[in-house]
Amino acid sequence: MKINPELLKFPKTLPNDLETFMVFYPAKFPGIVSYYEEIAPKIAGDPVAFQEYGQWAHDELFAGFEKIKKDYEAGDQDNLSFLVSIDQRLHKLFCYRFWVVNYLFPDGPIHDFFVDTLKNMIRKIVDVGEEVEEFESKIVKIQRDLLQSDYADLYLRQALSGVNLVSILEQLPRTKMFFDNATTLIDKRSPENKDKINAIWDQLVRLVESDHSDEITALREQLAIPLEQAQMRKSMLPVYNMLTHAVEFRIENKALAQRHGEMKQRIDELMGQAKQKLSPEEYNLFEVAYLQSRNFSMFKDIMGSIDPYLLPMWFGLLRKVASILAETVSMRPGMTIGPSTMFWYLAWYLPTDLKAKVITPDTTPFSVESA
Amino acid sequence: MKKTTKKYIDISPHRSILTKISQTGYSIQEALSELIDNAIDARIPNQKLTVSIDITEDAVVINDNARGMTEDQAAKAIRLGFSEKQGQLGEFGLGLKTSTSFLGRGFTLITTPQDSDEEYVLEYDEDHWLEHGDWKKYPFIINRGVDPDKSGTTVIIRRLKVKFPEKLLSKVRDEFGLRFGPFIQNQELELVFNNEVCSPFTPVLIDNKQNEFTFEFDGGRGWGWWGYQLAGLNKSYYGFHTYRRGRLVTTYDKIGLTPNQDIKQIIGDLHIEGIPITHDKKGWLKSSREYQELESRMREYFKPFEKKPKRILSGFPASAGRVAGTARLVNMFMAADMEKEMSRIQSGDIIVTAMTRPHFLLGIRRARGIITDLGGNLCHAAIVAREFNIPAVVGTQNATALLQDGQKIILDGNEGYVYED
């Protein structure tokens, strides 16, 4: 499949660049531009190649992170020079192995091309009925289904696990009372009941933590994601919220589970319809546009799974740098805590040699071995 | 000099008239409604009427527990144009014949009057009628010994001329909810369509607010309610459902309204008394003085309510749908206290945030819509909005700066715009 070469060039802007990586990554790591422009023609139009690349980048990201984390934990965390070097290593890893898959492809011009292609092609495969407005409404629904795809991301997985959670809570005699009491309060839809609801969940969580029977283990498994978040955030509120969500949206979640279960069939039907209506070239383009849109969404989620490990360490490191600097220099308040903090804020307070290290371009190629 | 002779000729209708009258542009739901109308006309006072419609590949069966027809009424039911129902739904005396003839090539009518052990049966076969039918000798069967405690009418239409695909069936059921909504809502009628009870149509109104009105005019009056709805994907679906004697005449009638309400639309029910309708019951006689008088009064009344909301933001239309609600500015990215931030989101709020985060799931589920500063069609906010079927506009660049917490807004996820409500 041929894609306009202009679309394969390094993106100039990204729509969700909160950290403004687009400004400083190409400046700090100039090699990223040629790296992207070299791989884009190879994988942008090939869904299988993109998946393989995405998976490879994911594995490299985790391997690289493990390596840096190990060094960080073993090193002198009171040493400014050491902390800055770890930050710079994290950035290089993040830029080459996360940013490409998570931002440059799924938010750049290639993404626009595929989404627009899908939207345009859908118009060709939908039959025009008597009512023009009905036609438009069909198009919007198909567009929504194709862009959603049959992949369940973290948001949807949490909602779907709510169905299992409610089923277990309802069935186990030891948890049924908690479930019944919480349901009564939650169904009143009154914000004032929040503390009472959380108190019920607190008792349940105590049971989950202390009981290792098979049935409670099954319950714990359904709460795996929020329990991990709770550990990270040192608060049980993520678990309470997950339980409240499972009960409050128990009917909607069942419908979501059904819709998700039927999604693969729905997509297959749409692709079959497209095959009949489009020329072979058009169908090929349509299929690639769907698969790549799905890949882009899916890998955002897959790569995002590093966040609970990466961000606490990185943010903690930046706090340490800020705190060390604050002992010797007068700093402006209002520091942001995001990965880009070193470039946009802390760098200006660093000793000259470290500041030079941060703002000087790093032209060496990236590899996990040298990460 | 001209010589005139007067003689009398036979102008009794040709037999084919019975089949030709059905070719008047009926829709399937309109044909079925004619038969339901007859049941409604025959309902027993202070008793809930149940009408069941069962459709299979071979037949349509409409059954009711109304008061049935007397021998005389049943005998006249097959007569074209005959009706004693002045002021009722079936006043033209055409419904049974036109609708059954539209739907199938033959029908059986079985009716049992109240407190009677007799039932009357009429059989109609189109092919037989066209060949051998006699206007003056129509077979009429009387069965005796039926249960006197039960009354009602059953119409069985066979050798169907129309097909009922699954999609059409659900469309017909929904339309019945609209068509007979007032009767269903008043608990006067239970309509069971293929074993499923039809629910009355209930429009979704902004703030759930209905405003009542009455317009008196010379010879009649129009009354009902109106409210605002947001334009759906079908933009012309606004206006009034008009009713005559509780039975739907027109849907989304723009009487008294301008034809270009594209975001905030007026919708409501309008009951009209004193304006004649067309014989197919599909419309009002718009040329009548009464209609024009009502229309002019309504136009004057609704003019100030047809204001167009002001567009204040645009972005990517990431998830379809339009909603009105309260903007709730949520800091999902840098919140010091996530739980506190999340607990500010009340049911029906529209989240305004730089970008969404998975641990805000509970808040996102409670929200009616999402607006973000950042992101494109495949950003998290867009994906999550599509998954949970919440309208969303993403990548507005400056929503968190422009919108105020608590501001009333309309989010248009179809076009990617945000309006001031």
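Two residues are taken to be in contact if their C-beta atoms, placed from the backbone, lie within 7 Å. The model is a predicted one, in which local features need pLDDT of at least 70 and side-chain atom pairs count only at pLDDT 80 or more, while totals for chains, interfaces and linings use all residues. Residues are numbered from 1 along each chain as its sequence is written, and chains are lettered from A, with ligands numbered from 1, in the order in which they are written.

**View 1. The contact between chain A and chain B.** Chain B brings 30 residues to the contact and chain A brings 34 residues. On the side of chain B that touches chain A, at least two residues come from each of α9 (338-343), α10 (361-366) and α11 (380-387) of chain B; here helices (H or I, at least four residues) and strands (E, at least two) are DSSP runs, numbered from the N terminus. The largest share, 5 residues, is supplied by α11(B). Sorted by class, this side of chain B holds 13 nonpolar, 12 polar and 5 charged residues, where Ala, Val, Leu, Ile, Met, Phe, Trp, Tyr, Cys and Pro count as nonpolar, Asp, Glu, Lys and Arg as charged, and the others, Gly among them, as polar.

View 2. Chain A has 17 helices and 0 strands, and its C-alpha atoms fill a box of roughly 70 × 60 × 35 Å along the principal axes. Its domain assignment (bounds come from an automatic or database assignment) gives domain 1 (1-148 + 278-371) and domain 2 (154-252), with C-alpha centres 33 Å apart. Of the contacts in chain A between residues at least 6 apart in sequence, 73% join residues at least 24 apart.

**View 3. The buried residues of helix α1 in chain A.** A residue is called buried if 20 or more other C-beta atoms, placed from the backbone, lie within 10 Å of its own, exposed if 12 or fewer do, and partly exposed in between. In α1 (residues 21-28) of chain A, the residues F21(A), Y25(A) and K28(A) are buried. They lie on the same side of α1(A), because the arc that they cover around the axis is only 75 degrees, the arc being that of the directions from the helix axis to the C-beta atoms. Among the elements that cover the buried residues of α1(A) are α2 (31-43) and α4 (80-107) of chain A.

**View 4. An open sheet in chain B.** Five strands of chain B form an open sheet in the order β9-β10-β13-β11-β12, with mixed pairing; two strands pair if DSSP finds at least two bridges between them. At the edges stand β9 (211-217) and β12 (247-253) of chain B, each with a single partner strand, so one side of each has no neighbour in the sheet. From one strand to the next, the twist averages 20 degrees. Strand β11 (residues 239-244) of chain B pairs with β12(B) in the antiparallel sense over 4 bridges, and F240(B) stands opposite D253(B) in β12(B). Helix α8 (residues 289-302) of chain B lies across β9, β10 (220-230) and β13 (264-273) of chain B, at about 140 degrees to β9(B); axes are lines fitted to C-alpha atoms, for helices over the stretch in contact, and angles run from 0 to 180 degrees between N-to-C directions.

**View 5. T98 in chain B.** T98(B) lies in helix α4 (residues 95-103) of chain B, and T98(B) counts as buried because 23 other C-beta atoms lie within 10 Å. T98(B) and T108(B) are 10 residues apart along the chain, and their C-alpha atoms are separated by 14 Å.
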